[in-house]
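Biologist: Before we look at any details, could you show me how to read a structure like this one, feature by feature? I would like the general idea each time, and then the case at hand.

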Amino acid sequence: METKGFVYIAGSGPGNKDYITVKAYEVLQNCDCVIYDALIDQELLSHTKVGCEKIYVGKMAGKHYASQDEINDLIVQKAHTHQVVLRLKGGDPFVFGRGGEEAEALIKAGIDFELIPGVTSAVAVPEMAGIPVTHRGVSRQVSIITGHVKEGTIDQHVNFQALAQSSGTLVFLMGLHALPIIVSSLLSAGQEASTPCAIISNGTKESEHVLRASLGDIEEKAKSDPLCVTPAIIVVGETSRYDFRSQAQRPLSHTTVSIVGTIDFNTRMGTLVKRYGAHCHSYPIVKIQPVHQETLEEKIAHLQDYTMLVFTSRNTIRLFFETFYEKGYDLRLLSSLKIAVIGEATAMYLKDYHFNADYIPDVYTSQALGELLTKVTTTQDRLLIPRALKGNDVLSTILSAAHRSFDEFALYDTVIDFPHPGLCEDDYLIFASSQGLKGYFEAGGQVSSHTQVICIGPYTAKMATRYPINHWILAQEASRQGILATLLEGVQHAKI
């Protein structure tokens, strides 16, 4: 019997990776094949699992890598060779996304699938530019029109007379190339030349540009504005005069930051720096791969042989407790154990599993943790230390020198998956681990002369000395807050 995979048809949102839905993101992280368009945020592709097949089928104005029929056939074909296929489209699949045609093809082929709505750029892009598509007392309706037509010109397919007579907001998607026809058609249909308009290029992205003008002069202004480029959305109507974006200046406004680490770290670090106004690029190139599952289960089954658990990262906590609960062990097995962690952030994460750390070093390094453990334990204690396969040996060296008894075993490995790192030209490049830094440069990554590298800790900084980095800074503390403090200090110093 022929095996068929499962297909998801999902929208990735308006352009910026931050606005993909939770559901689509979860599928992206676990799919075996992703078939994607030109308008998705390319950074999303680095969030796939190791071995995921990535296929580009994008369409831009005048350039088609594949016809829609070819894309339909490709989706069906991949559903026969992969267990989970993600068809990832810009915006929402059913708002001029031709998702319906792809759904029809899957129905015809007898392949099971699920639709995942996306945040449509028709609403999100104007909103991020401070323009509401509806506003009480101003606009009670919105019309969404595609500026791209298969044959002829837009005025042959759209009832501009009806649009001009409406009192609502008009949103034209993919319409910049048709701007002259849109303007002339609306004016000919009776739209006032003084009607406010806006053209939003690269909406929701760092390079976003908003051109505001009246309907009568928007065409001329667009021609003379080099930043008015595709992809662009045209908004026509009274709400276009508004700019409801916050006017507050944040400490990291106009600062660009790239982060290299795991998905978990990058998500938390990115959220933090963006809260302070930074433009953030995330490269989760370090993938966590569990190893030695049998060893972990054996250690858990004999926890009574130990007096202390030592966690050196969030990953060790997560993988330990996932197995602990999955196998149905009794929490009382842990009741007699002391728990030590490498830092405050790890201790906070431990609380998610309803445990408090007994010991936390003042400095969040393996060196400091090892020195603390030699003070709070005796030669009668026995420590269980799950760790990363490629981690440093500082902790075990210190414990061995102090004649402490411990069992150290690898719980996970770090796999580097970064095929096209390119040149980082952001203001700051953050490395969350020595393995991530090594992987970045060995994959061909480069750092521009003006980019400052921030290393989370001394072992990462030591690794940085092996590569062509113009200038690196050691974070004030080996934590997200320590990196943030270093960023804020660096930006403040640059302003003086």
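Modeller: We shall go from the whole chain to helix pairs, then to strands and sheets.

Biologist: What kind of model is this, and how many helices and strands does the chain have?

Modeller: This is a predicted model, and its chain has 16 helices and 24 strands. Along the principal axes, the C-alpha atoms fill a box of roughly 90 × 70 × 45 Å. Of the 496 residues in the chain, 53% are buried, and among contacts with a separation of 6 or more, 66% are between residues 24 or more positions apart.

Biologist: How should I read the packing of two helices, and at what angle do α2 and α3 pack?

Modeller: One looks at the angle between the axes, then at the hand of the crossing, and then at the residues that meet. Helix α2 (residues 68–79) and helix α3 (residues 99–109) pack at about 45 degrees, with their axes 9 Å apart. Angles from 35 to 65 degrees fall between roughly parallel and roughly perpendicular, and α2 and α3 are therefore oblique to each other. The crossing of α2 past α3 is right-handed.

Biologist: Is Asn72 buried or exposed, and which residues is Asn72 in contact with beyond its neighbours in sequence?

Modeller: Asn72, which lies in helix α2, has a relative accessibility of 9%, and because the cut-off for buried is under 20%, Asn72 counts as buried. Once its neighbours within four places in sequence are set aside, Asn72 is in contact with Glu101, Glu102 and Ala105.

Biologist: How would the reading go for α10 and α11, and at what angle do their axes cross?

Modeller: The steps are those just used. The axes of helix α10 (residues 314–326) and helix α11 (residues 344–351) come within 9 Å and cross at roughly 20 degrees; angles under 35 degrees count as roughly parallel, and α10 and α11 are therefore described that way. Their crossing is right-handed. On the α10 side Arg314, Ile317, Arg318 and Phe321 take part, meeting Thr346, Tyr349 and Leu350 in α11, and by class the contact has four nonpolar, one polar and two charged residues.

Biologist: And how are α12 and α13 arranged?

Modeller: The axes of helix α12 (residues 366–376) and helix α13 (residues 394–401) come within 8 Å and cross at roughly 25 degrees, which makes α12 roughly parallel to α13. The crossing of α12 and α13 is right-handed.

Biologist: In what order do the strands of the five-stranded open sheet lie, and which are its edge strands?

Modeller: The order is β8-β9-β12-β10-β11, and the pairing is mixed. The edge strands, β8 (142–146) and β11 (209–214), each pair on one side only, and the twist from one strand to the next averages 20 degrees. Strand β10 (residues 196–201) and β11 run antiparallel and are joined by six bridges, with Cys197 opposite Ala213 in β11.

Biologist: Which helix lies across strands of this sheet, and at what angle to β12?

Modeller: Helix α4 (residues 121–128) lies across β8, β9 (169–173), β10 and β12 (232–236), and runs at about 80 degrees to β12.

Note on methods. Residues numbered from 1 in each chain as written. Predicted model: local features only at pLDDT ≥ 70, side-chain atom pairs only at ≥ 80, totals over all residues. Heavy atoms only, no water. Helix = DSSP H or I, 4+ residues; strand = E, 2+ residues; numbered from the N terminus. Buried < 20%, exposed > 50% of the residue type's maximum accessible area, 1.4 Å probe, protein only. Contact = heavy atoms within 4.5 Å. Axes fitted to C-alpha atoms, helices over the stretch in contact; angles between N-to-C directions. Parallel < 35°, antiparallel > 145°, perpendicular 65-115°, else oblique. Left-handed = near helix turned anticlockwise from the far one by under 90°. Nonpolar A, V, L, I, M, F, W, Y, C, P; charged D, E, K, R; others polar. Pairing = 2+ DSSP bridges.
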